[in-house]
Amino acid sequence: MRKIKPLLLTRLTAHTHQPIDSVFTFIANHENYKRWYPGVVSVTSVDDMPHGVVGKTYCETLQMPGGRLQNIQIVTIASTPPHRFVTQGDFAPLLPQMTFELSSSEGGGTDVMWMFHSRHTSPVRRLVARLIFRPILRRQATHAMATLTRLLEQLSLIHISEPTRLGMI
């Protein structure tokens with residue numbers, strides 16, 4: 001049986017003048033997600049593991065269309081500081097996976113690549129993801145990336161939630 005790759009829904013890139021370690025620390029603390037992604041009401045840790053380590057789990061609350069609140073469990077599934085950070089969520093209609101890939105820029109600062117995938121393997125679910133979720137995620141992610149980039153540029157002014165100890169896979 002062949003393994004089906006996750007379906008890419010959107011990919012965005014940006015540049016910040018902040019050093020790669022600072023960018024990774026900010027992104028790997030998923031509690032910061034509510035600061036820059038539209039519709040996220042709250043993100044809380046559900047365990048005492050440090051941010052940025054594989055297995056770290058969060059409860060993310062989203063405001064859905066119509067105002068309904070939806071809790072999603074988010075788990076860090078890969079973390080290679082300071083270059084790669086990957087989470088997966090249990091939101092059944094989408095089975096989201098979010099990946100950040102960071103690289104130091106030749107001119108200084110950090111280049112950020114951010115991708116959203118759906119992990120569904122069913123052809124019908126993948127079609128729904130492409131037709132319904134992709135346009136919504138692209139619109140939200142474009143806004144979110146602009147907000148994230150602004151926040152990262154102000155990183156030295158932002159209080160980052162608790163000191164972060166980073167782990168590797």
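The tour goes from the sheet to the helices, then to the loops and the aromatic rings.

Two things before you click: this is a predicted model, where local features need pLDDT of at least 70, side-chain atom pairs count only at pLDDT 80 or more, and totals for chains, interfaces and linings use all residues. Residues are numbered from 1 along each chain as its sequence is written, and side-chain values use heavy atoms, with hydrogens and water left out.

**Stop 1: the sheet.** Colour the strands (DSSP runs of E, at least two residues, numbered from the N terminus). You'll find an open sheet of 7 strands with antiparallel pairing, in the order β1-β7-β6-β5-β4-β3-β2. Two strands count as paired if DSSP finds at least two bridges between them. At the edges, pairing on one side only, are β1 (7-16) and β2 (40-45). Now select 69-80 and 84-89: these are β4 and β5, antiparallel and joined by 6 bridges. T80 sits opposite R84 in β5.

**Stop 2: the helices.** Show 20-28, helix α1; helices here are DSSP runs of H or I, at least four residues. Helix α1 packs on the sheet and touches, among others, β1, β3 (57-63) and β7 (110-118). Contact means heavy atoms within 4.5 Å. Then pick 123-153, helix α2, which lies across β1, β6 and β7.

Stop 3: Most residues other than glycine have a negative phi, and most peptide bonds are trans. Zoom in on P81 and P82: the peptide bond between them is cis, with omega near -5 degrees. P82 is in the loop between β4 and β5. Next, go to L95 in the loop between β5 and β6; L95 is not a glycine, yet has a positive phi of about 45 degrees.

**Stop 4: the rings.** Rings of Phe, Tyr and Trp (its six-membered ring) pair if their centres lie within 6.5 Å; planes under 30 degrees apart are stacked, over 60 edge-to-face, and the rest tilted. How are Y33 and Y37 arranged? They are stacked, 5.1 Å centre to centre with 20 degrees between the planes. Both are buried, meaning under 20% relative accessible area (1.4 Å probe, protein chains only). Y37 and W114 have ring centres 6.1 Å apart and planes at 85 degrees, so this pair is edge-to-face. Y37 is in the loop between α1 and β2 and W114 in β7, so the pair ties together parts 77 residues apart in sequence.

How values were computed. Axes are lines fitted to C-alpha atoms, for helices over the stretch in contact, and angles run from 0 to 180 degrees between N-to-C directions. Buried means under 20% relative accessible area, exposed over 50%, partly exposed in between (1.4 Å probe, protein chains only).
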